[in-house]
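Subject: The structure you asked about

Hi there,

Here is the structure, ready for you to open next to your own notes.

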Amino acid sequence: MKDIRIFESTSGGPSAYEPELTRRSFLRTGAAAVGGMAALAAALSPLRELTSDEIPDFDQFLQKHYKEMTPAEMELALERIRRKVEDRYAVRPHLRDLKPMEGVEFVYALNLSRCIGCRKCVHACVAENNQSRSPEIQYIRVIEMPRGTLDVEKGNHHYDRPEVPDANHFYLPVQCHQCANPPCVKVCPVEATWQEADGITVIDYDWCIGCRYCEAACPYWARRFNFAKPNLPKEQLNPNMSYLSNRPREKGVMEKCHFCLHRTREGRMPACVEICPTGARKFGNVLDPKSEVSEILRTKRVFVLKEEVGTLPRFFYYFDERYPNTLDPEALAIADRLKAEEGDAYGCLPGAAGPRKDFVAAAQPEWWNGGHA
Amino acid sequence: MRTYLTFLYRCFRLSFVGDRRYYAWMFLLTVFVLLGINAYCKQLVHGLATTGMTDQVSWGFYIANFTFLVGMAAAAVMLVIPVYIYRNRELHDLVIFGELFAVAAIIMAMLFVTVDLGRPDRFHHLLLRFNFPVSMLTWDVLVLNGYLLLNLHICGYLIYCAYRRRTPSKVFYIPFVFVAIVWAVSIHTVTAFLYSGLGGRPFWNSAVVAPRFLASAFAAGPAFLILSLAVLDKFTSYRVSAKAFMTLRNTVAIALSISMFLLGSEAFTEFYTDSAHVASAKYLFFGLHGRSGLVPWIWTAIGLNLVAMLLLYLPISRKLPVLMVACVMLIVGIWIEKGMGMIVPAFIPTPLGEIVEYLPTMNETLVTLGIWAGGLLIYTILVRVTIPVLTGRLTHDQAFSAASRELPAGAALEKEAHA
């Protein structure tokens, strides 16, 4: 009870709540304050490891939302990003802000009878879009499915055998379906993600606050989060980039497939379409009746995944009616040729995107150690 | 104005005064707060990779605790209703303790959302482009902040009136109390809608989530108050009547029963239908494809809740120690059920059928403990300041020393820290 004395008053006057300051109480309070401050400083000490590169500078802090920037402000932002990329990767990027083209709505179609599960699309996407390599972020997941079902829970995500494609399975690649009614856009609290006029749902990486609500909302598991600082070796940087697609991301923001809009808005094909050795992947403008995707939608029995969730995907699948029980023999022949040519390097390996913990430990400081409480 | 500043200053001084148990308790909490700050700094530097979360299970411990705490905050209303609508005098003063806890719980809930953000440095983007009314998260931001202000106003006004020896003017607080009652229901409803509105997560996509959240909150909240009032009754000059404890006991028993009933309804619908939707529930209760990380959690929760419910309906829980044991059990049970049992299984399996399990890491656990310790620190200070004012020991025309002789809530609160 001695402690109380320091707060006792010398008189009952109006300033009675003013404690009497004795030397002892002064020393005691002082020691407690100094001790507390030292403990707080020690607690805050990990912040010293933040590099100046990671702390947003003033311009970035004040940068407006994508839709609010004037062309001049956008040019300033682009220049700032170019400088940053140059500092970090020693490459001057070809960075611009590409807008949707008039009269274009992109649609994807995928011929499941021709997919041989080689995962070349997965790796071409990573090479094109400047994802973090460790931990590796992949936008495309290929699922090995038993025949006779479309229930993804029966599929295998981590198939890794030489006999791919397997005769009793088909291969189901899934990426962002660019839904016309996207639940991820609806839930974002800060409008950091939205659907563009050409149907592509994009993310402003400089606006995302990293709450991961969109990731919870997506029925196709198409969104990815930068749990750690992206790790992209300098020599693997793709310098052809745009603001809303493949410019390098930062720690703590979402990303996802954007139909390679830095290519497709300039009339080129997405990287996954270009690499596909069997031509299973088709991409184009659905508003153009002469496009290949329009032809497919008119003539094939296409379907979408999880139609019941009502998201209206722009990503259609179909099987070739000529081959009800097998993969397209032409595609199988291509698979055989690739296996012969590439040997062990045949690209059906999943890459580094297994469950994150298996490899992230290497990139983590010692104290983290993947240790569970 | 000057009197008001003096009041705040005195409250500030008072929070540093107490006996040895008080200092020990506050010291312990401060240590955990500092450990939490330290862990959070590590998270800021290395990213959310320091947590157990993955792209597969993208929300974990933080959001689980957030959900639980929003419920605890909402439950303060359970005390307000009998007092102002049914004019139950026994609970009158206790309402203030409930609302003080609501303040602490809301602050904790907000901290849990903040530490879950990948880019807390962009928090101001919420002010610049607020996706209202489309995003349920923006509703949550509004209702939580509104609820915090309402409760701060109601408690602050009543306590300041007691300090000035004035009778509170009804115009200044009764309308706010009624708004707060509706508001309390809204905060937990909106939090439930965050989850139940997602068509891509069948485990959450159920109309019973909001009623379940409310029922379990109205059990856990008053149970926490029973514990803290028992501590106040033992360690301070503040007396709590046996009748007040019994009213709270009835509330807890009924709310817990409704909560268990709703859990049963959910389980029946999932398992009897046995459609593709059942995968997450199967994983939670029995394990799926040999993975069963959450099975021990949920059965512990159900066991604790059933035993607590039994105790609450037996006359033996009229004895305070037994009642307290039942309360601790059901708080832990509901914390598990709403956290690891409600948030995590919705991510397992993923929408593409992959099974990746989740466990919080050490760093994540330290951040979580830090926030809990911070919340209890705030609650302890609020209660420590309030008691001398309510018991007339600290008023504007009195010397400070009289108030500081009051014994504050002591180290026995520690029990609650584990709950």
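How many aromatic pairs are there over all chains? The count comes to 43. Before I go into them, please keep in mind that this is a predicted model.

**Aromatic rings**

A pair of aromatic rings is described by the distance of the centres and the angle of the planes. Among the 43 pairs, take A:Phe170 and A:Phe319: their ring centres are 5.3 Å apart and their planes stand at 75°, so this pair is edge-to-face. The two residues come from distant parts of the chain, 149 residues apart. A:Phe170 belongs to strand β4 (residues 169-174) of chain A, while A:Phe319 is in the loop between β11 (315-318) and α10 (329-342). Are these two buried or partly exposed? A:Phe170 has a relative accessible area of 4%, under the 20% limit, so A:Phe170 is buried. A:Phe319, at 33% relative accessibility, counts as partly exposed.

Chain B has an edge-to-face pair as well, formed by B:Phe97 and B:Tyr238, with 5.1 Å from centre to centre and 75° between the planes. This pair also links distant parts of its chain: B:Phe97 is in helix α5 (residues 94-116) of chain B and B:Tyr238 is in the loop between α9 (209-235) and α10 (242-273), 141 residues apart. Both B:Phe97 and B:Tyr238 are buried.

Back in chain A, A:Phe170 and A:Phe319 are part of one aromatic cluster, which also includes A:Phe106, A:Tyr108, A:Phe259 and A:Phe283.

A:Arg224 lies over the face of A:Trp221, 3.8 Å from the ring centre. In chain B, the charged end of B:Lys234 sits over the ring of B:Phe235, at 5.4 Å from its centre.

**Strands and sheets in chain A**

Which strands make up the open sheet of 3 strands? Their order is β10-β2-β11 (chain A), and the pairing is mixed. β10 and β11 are the edge strands, each pairing on one side only. On average, neighbouring strands of this sheet are turned by 20° against each other, direction ignored. Strand β2 (residues 106-111) runs parallel to β11(A), and 4 bridges join them. Within that pairing, A:Asn111 stands opposite A:Tyr318. Helix α9 (residues 292-299) of chain A packs on the sheet, where it touches β2, β10 and β11; the helix direction makes about 110° with that of β10(A).

Elsewhere, β3(A) and β4(A) pair in the antiparallel sense over 6 bridges. There, A:Pro146 stands opposite A:His169 in β4(A). Strand β3 (residues 141-146) is mostly covered, with 5 of its 6 residues buried.

**A buried threonine**

A:Thr278 is in the loop between α8 (271-275) and β10 (281-285) of chain A. With a relative accessible area of 4%, A:Thr278 is buried. Leaving aside residues up to four places away in sequence, A:Thr278 touches A:Arg114, A:Ile116, A:Ala331 and A:Ile334.

**Backbone details**

Most residues other than glycine have a negative phi, and most peptide bonds are trans. Here are some places that depart from this.

- The peptide bond from A:Ser134 to A:Pro135 is cis, with omega near 0°; A:Pro135 lies in the loop between α4 (120-129) and β3 of chain A.
- In chain B, the bond from B:Ile348 to B:Pro349 is cis, with omega near -5°; B:Pro349 is in the loop between α13 (320-338) and α14 (362-390).
- A:Glu191 has a positive phi, near 55°, and sits in the loop between α5 (183-187) and β5 (193-195) of chain A. A:Glu191 is partly exposed, with a relative accessible area of 23%.
- A:Lys306 has a positive phi of about 50° and lies in the loop between α9 and β11 of chain A. A:Lys306 is partly exposed too, at 22%.

**How confident is the prediction?**

For chain A, the mean pLDDT is 87, and 87% of the residues reach 70 or more. Where does pLDDT stay under 50 in chain A? One such stretch is residues 1-18, with 32 contacts beyond four places in sequence, and another is residues 353-373, with 45 such contacts. Where pLDDT is low, the predicted coordinates should not be read in detail.

Best wishes

Notes. Residues are numbered from 1 along each chain as its sequence is written. Chains are lettered from A and ligands numbered from 1 in the order in which they are written. This is a predicted model: local features need pLDDT of at least 70, side-chain atom pairs count only at pLDDT 80 or more; totals for chains, interfaces and linings use all residues. Side-chain values use heavy atoms; hydrogens and water are left out. Buried means under 20% relative accessible area, exposed over 50%, partly exposed in between (1.4 Å probe, protein chains only). Contact means heavy atoms within 4.5 Å. pLDDT is the predictor's confidence in each residue, from 0 to 100. Rings of Phe, Tyr and Trp (its six-membered ring) pair if their centres lie within 6.5 Å; planes under 30 degrees apart count as stacked, over 60 as edge-to-face and the rest as tilted. A charge sits over a ring if NZ of Lys or CZ of Arg is within 6 Å of the ring centre and within 35 degrees of the ring normal. Two strands pair if DSSP finds at least two bridges between them. Axes are lines fitted to C-alpha atoms, for helices over the stretch in contact, and angles run from 0 to 180 degrees between N-to-C directions.
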